[in-house]
Amino acid sequence: MEFTGERVIPGQVEPDLWAEHFSRYRFAANLAKRLARPLNILDIGCGSGYGTATLAEVALGATGVDLATEAIEYARANYSLPHLNYVPGSATDLPFDAGSFDLITAFEVIEHLKDPRQLLAEARRVLRPNGVFLVSTPNKTYYAETRRDDGPNRYHLH
């Protein structure tokens, strides 16, 4: 899979960008360990799959979902564990039953969506009672400054 500047692919991004993205998953994995119960984890917008695989290290089961079939194929080819699964699907129409997950992540996804509220509604639907939803999005001011020479990100709608 080719690095386009948007989807993080291990070994194809500069170290600071890798650290920024990977640290979100380490945070989520550490939080999952502190919850002290077996967890089913969903990673919405899993991209190349490294983050879902990191979450699987502390989970009963981990599932990554991404709209891009190329990303799902890459994740399946590069990260394999018995309790790790990658599923093609939309963040705004998740292919899972209500109350399926204990922990859900959506890192750097919501800004890509035409209707971000639908992601929130879907996360709420598939999250179990007392579950945890972690979401992140770029800091608009900092992001604009760091992209001053490149211009706006064509993948970000919001």
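Reader: Which strand holds Asn130?
Author: Asn130 is in strand β5, which covers residues 127-136. Keep in mind that this is a predicted model.

Reader: Is Asn130 buried or exposed?
Author: Exposed. Its relative accessibility is 74%, and the cut-off for exposed is over 50%.

Reader: What about its phi?
Author: The phi of Asn130 is positive, about 65 degrees, although Asn130 is not a glycine. Most residues other than glycine have a negative phi.

Reader: Which other residue has a positive phi without being a glycine?
Author: Glu108 is one. Its phi is near 60 degrees.

Reader: Where does Glu108 sit?
Author: In the loop between β4 and α4, the latter spanning 116-126.

Reader: Buried or exposed?
Author: Glu108 is buried, at 13% relative accessible area. Asn130, in contrast, is exposed.

Reader: OK, step back. How many helices and strands are in the chain?
Author: Five helices and five strands. From the N terminus the order is α-β-α-β-α-β-β-α-β-α.

Reader: How much of the chain is buried?
Author: Buried residues are 42% of the 158 residues. The accessible surface of the chain is about 8800 Å², and carbon and sulfur atoms contribute 52% of that.

Reader: Now the strands. Why call β1 largely enclosed?
Author: Strand β1 is residues 40-44, and four of those five residues are buried, so the rest of the structure largely encloses it.

Reader: Which strands does β1 pair with?
Author: β2 and β4 are both partners. With β2, residues 61-66, the pairing is parallel over five bridges. With β4, residues 101-107, the pairing is also parallel, over three bridges.

Reader: Give me bridge partners I can click on.
Author: Ile44 has Val65 in β2 as its bridge partner. Ile41 has Leu103 in β4.

Reader: What kind of unit do β1, helix α2 and β2 make?
Author: A right-handed β-α-β unit, with α2 running over residues 50-56.

Reader: How buried is Thr105?
Author: Its relative accessible area is 0%. That counts as buried, since the cut-off is under 20%.

Reader: What touches Thr105?
Author: Leave out residues up to four places away in sequence. Then Thr105 touches Tyr25, Ala28, Leu42, Asp43, Ile44, Leu55 and Leu134.

Reader: Now the rings. How many aromatic pairs are there?
Author: Three. One of them is Tyr25 with Phe107, an edge-to-face pair with 5.0 Å between centres and 80 degrees between planes.

Reader: Which parts does that pair tie together?
Author: Tyr25 is in helix α1, residues 15-34, and Phe107 is in strand β4, so the pair ties together parts 82 residues apart in sequence. Both Tyr25 and Phe107 are buried.

Reader: And why are Phe96 and Phe101 called edge-to-face?
Author: Because their planes are at 85 degrees, and edge-to-face needs over 60. The ring centres of Phe96 and Phe101 are 5.1 Å apart.

Reader: Which residues do ring pairs link into a cluster?
Author: Tyr25, Tyr50 and Phe107.

Reader: Last one. Where is Glu73?
Author: In helix α3, residues 69-78. Glu73 is exposed, with a relative accessible area of 54%.

Reader: How far is Glu73 from Gly47?
Author: Their C-alpha atoms are separated by 9.9 Å. Along the chain, Glu73 and Gly47 are 26 residues apart.

Definitions and conventions
Residues numbered from 1 in each chain as written. Predicted model: local features only at pLDDT ≥ 70, side-chain atom pairs only at ≥ 80, totals over all residues. Heavy atoms only, no water. Helix = DSSP H or I, 4+ residues; strand = E, 2+ residues; numbered from the N terminus. Buried < 20%, exposed > 50% of the residue type's maximum accessible area, 1.4 Å probe, protein only. Areas by Shrake-Rupley, 256 points an atom, 1.4 Å probe, with all protein chains shown as cover. Pairing = 2+ DSSP bridges. Right-handed = clockwise from strand over helix to strand, strands pointing away. Contact = heavy atoms within 4.5 Å. Phe/Tyr/Trp six-rings, centres within 6.5 Å; stacked < 30°, edge-to-face > 60°.
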